[in-house]
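Q: Please take a close look at one part of this model. Start from a single residue, and then go on to the elements around it and elsewhere in the chain.

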Amino acid sequence: MRITGISAVTFALLFSAVNANGQETLKPFKDRLFAYPQTLEERDGGAYLKVDYRELRDINERDAVPERRAKRQYVDLAGRRATKSAQLETPAGALNYQYAGKTSNARFITIYIHGKGGNAKQGVNDHSFGGNFNRIKMLMLKNNGLYLSPDAGDFAQSDIAKIEALIGQAAANSPSAKIVLACGSAGGAVCYALADQNNIAQRLDGIALLGSFWNDALFASAAGKRKVSLYIAHGSHDTVFDIQQVESFYARARSNGLPVRMVRFETGTHGTPIRMIDWRAAINWMLSQ
């Protein structure tokens, strides 16, 4: 959607509390810094976006130390101070996780699942990925929300059971919260598994796949039957999960009636979606469906 005759700031203020469908939305936080660059192609009524991505601009000009430390304006140190470590005892064993925000009566809950070789600390690193994890923490903090980053291990059944228990606890403590599950890379295995758990699926308001793989089992899952919103972000030069396969999955999701949006970062690689996803735009879209 293009905004004409009204400033972006005025538009954000007008729609900071509810969207057109009357759903609650996240209020702005550093929107100009984290907004998507130029749209190169838009189709399917805005459901598919091809976005301009340039390494020199989106990494080298954004980071003080490329791929290691974002420039100061992209990071709010309140997010770092609010981050805490915790452990949850579950029937499947102990789960280590990181969190920031309200542990009860939260309005929004976002859970991030890391990829292969990652851990709970990846999802709370304020300075990596251009400061984008700091932004999602701050969005939750400023909107009375909760951000969770659990250790997903090797995505074994026991790992998934532990995360299921964590989400169940968070949902019980915040029964009115809107819940979004975001999975990076191979962590998509957790998203797909939890999507078919009735106790989780009935509370989900959105699933985000960031540089992840495709799985048509989602369509017949508990979340698929509820038509939970699906947000796909992928780099066109991803050498781990082929972009053409991801685009075909997007098309099949549409044909199966899922509310789905895809953002293709042109020339982006495997880690690009984690760096470049506009968390506020993505979550607000998922909540609007």
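**Ser149 and its surroundings**

A: Leaving out residues up to four places away in sequence, Ser149 touches Tyr97, Gln98, Tyr112, Ala120, Gly123 and Val124; contact here means heavy atoms within 4.5 Å. The model is predicted, so local features need pLDDT of at least 70 and side-chain atom pairs count only at pLDDT 80 or more, while totals for chains, interfaces and linings use all residues. Residues are numbered from 1 along each chain as its sequence is written, and side-chain values use heavy atoms, with hydrogens and water left out.

Ser149 belongs to strand E8, residues 146-150. Helices (H or I, at least four residues) and strands (E, at least two) are DSSP runs, numbered from the N terminus. Ser149 counts as buried because its relative accessibility is 1%; buried means under 20% relative accessible area, exposed over 50% and partly exposed in between, with a 1.4 Å probe and protein chains only. A polar atom of the Ser149 side chain lies 2.7 Å from the backbone oxygen of Ala120. A polar contact is a pair of N or O atoms within 3.5 Å; within protein, one must be able to donate a hydrogen and the other to accept it, and residues adjacent in sequence count only if both atoms are side-chain atoms.

The strand pairing comes next. E6 and E8 run antiparallel and are joined by five bridges, two strands being paired if DSSP finds at least two bridges between them. Gln98 is the residue opposite Ser149 of E8. E6 (residues 93-101) also pairs with E5 (residues 84-90), in the antiparallel sense, over seven bridges. A hairpin of two residues leads from E5 to E6, and Glu89 has Ala94 in E6 as its bridge partner.

Beyond neighbours within four places in sequence, Ile111 contacts Leu148, Pro150, Ile167, Ile179, Val180, Leu181 and Ala182. Ile111 and Ile207 are 96 residues apart along the chain, with 9.8 Å between their C-alpha atoms.

The structure has one disulfide, a pair of cysteine sulfur atoms within 2.5 Å. Cys183 and Cys191 form it, with sulfur atoms 2.2 Å apart. The link of Cys183 and Cys191 is right-handed, with 95 degrees about the S-S bond. Cys183 counts as buried because its relative accessibility is 0%; Cys191, at 1%, counts as buried too.

Ile243, Val246, Glu247, Phe249, Tyr250 and Ala253 are the buried residues of H10. They lie on the same side of H10 because they cover an arc of only 155 degrees around the axis; the arc is that of the directions from the helix axis to the C-beta atoms. Their cover includes strands E1 (39-43), E2 (48-52), E10 (204-210), E11 (229-235) and E12 (260-266), and helix H7 (188-195). At the N-terminal end, Asp242 caps H10, with a side-chain oxygen 3.1 Å from the backbone nitrogen of Gln244. After H10 comes Gly257, with a positive phi near 85 degrees.
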